[in-house]
Amino acid sequence: MISEFESIIPFKLTPSQKSVIREIFEYAKTNMRTQENKQRILKLTQLGILTALVIVLQSIASFGYINICLCLVPITLGAILLDWKGGLILGALFGFLALFWGIMGKDQFTFLLFAANPAMTIAICLVKGSLAGVVPALLYKWLSKYEYKNSVFWKSVCGVGFLCKYGICRKHKC
């Protein structure tokens with residue numbers, strides 16, 4: 001590391017200067033690792049909180065025949081904050097919970113679909129849930145290339161995850 005640095009500068013370094021530069025490089029390397037760890041911890045904490053919200057909101061989403069799906073809000077937020085991987089995890093969890101509550105009889109329509117064709121119902125719920133997390137992340141990534149990179153407008157446009165539940169997949173709701 002020091003030899004690479006010495007090849008760039010036009011003069012010779014004394015041993016004390018080399019030790020100072022070595023300490024600076026070590027400090028910078030340690031500081032970079034600390035920043036990376038802070039970012040990882042932040043993302044893990046955000047994922048944990050959003051996962052808990054998805055579980056709670058999906059568990060209390062159905063009231064008799066009325067099926068309200070508020071858990072798409074934390075899924076879309078997770079997709080924007082945590083990129084497509086976080087959106088995929090949250091969306092897959094949503095699909096699994098929708099399938100679970102459907103099999104348990106809490107959602108009558110999913111229960112009937114599962115009784116008619118279990119494999120197709122599992123595929124629909126898991127793929128649809130996963131897409132509800134991945135599509136907003138990819139859309140946000142694509143839209144963030146343009147002029148208004150981090151505006152609230154683009155983040156709200158990425159609420160297209162709601163379309164996965166209420167538009168495209170309306171026929172096969174889980």
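Here is a short tour of this structure, one selection at a time.

Before you click, note that this is a predicted model, where local features need pLDDT of at least 70, side-chain atom pairs count only at pLDDT 80 or more, and totals for chains, interfaces and linings use all residues. Residues are numbered from 1 along each chain as its sequence is written, and side-chain values use heavy atoms, with hydrogens and water left out.

**Stop 1: helix H3.** Select residues 72–103, which make up H3. (Helices are DSSP runs of H or I with at least four residues, numbered from the N terminus.) H3 has 32 residues, yet its end C-alpha atoms are only 20 Å apart, while a straight helix would reach 46 Å. That expected span is 1.5 Å times one less than the number of residues. Where does H3 bend? Go to Asp 83, where the bend is about 145°; the angle is taken between axes fitted to the seven residues ending there and the seven starting there.

**Stop 2: Thr 76.** Stay in H3 and pick Thr 76. Is Thr 76 buried or exposed? Its relative accessible area is 7%, so Thr 76 is buried (buried is under 20%, exposed over 50%, partly exposed in between, with a 1.4 Å probe and protein chains only). Its side chain reaches the backbone oxygen of Leu 72 at 2.8 Å.

**Stop 3: the core.** Now select Val 54, Cys 69, Cys 71, Leu 72, Ile 75, Leu 90 and Phe 94: of the 13 residues in the largest nonpolar core, these touch the most other members. (Such a core is a set of buried Ala, Val, Leu, Ile, Met, Phe, Trp, Tyr and Cys residues joined through side-chain atoms within 4.5 Å.) Helix H2 (15–59) and H3 each supply at least two residues, with the largest share, six residues, coming from H3.

**Stop 4: the rings.** Show Phe 100 and Trp 101, an edge-to-face aromatic pair with 5.2 Å centre to centre and 70° between the planes. (Rings of Phe, Tyr and Trp, using its six-membered ring, pair if their centres lie within 6.5 Å; planes under 30 degrees apart are stacked, over 60 edge-to-face, and the rest tilted.) Phe 100 is partly exposed at 35%, and Trp 101 is partly exposed at 24%. Just after H3, Gly 105 has a positive phi of about 95°.

**Stop 5: helix H5.** Finally, select residues 118–143: H5 has 26 residues and reaches 37 Å from its first C-alpha to its last, close to the expected 38 Å. Look for a kink of about 25° at Ala 132, shortly before Pro 136.

Conventions. A polar contact is a pair of N or O atoms within 3.5 Å; within protein, one must be able to donate a hydrogen and the other to accept it, and residues adjacent in sequence count only if both atoms are side-chain atoms.
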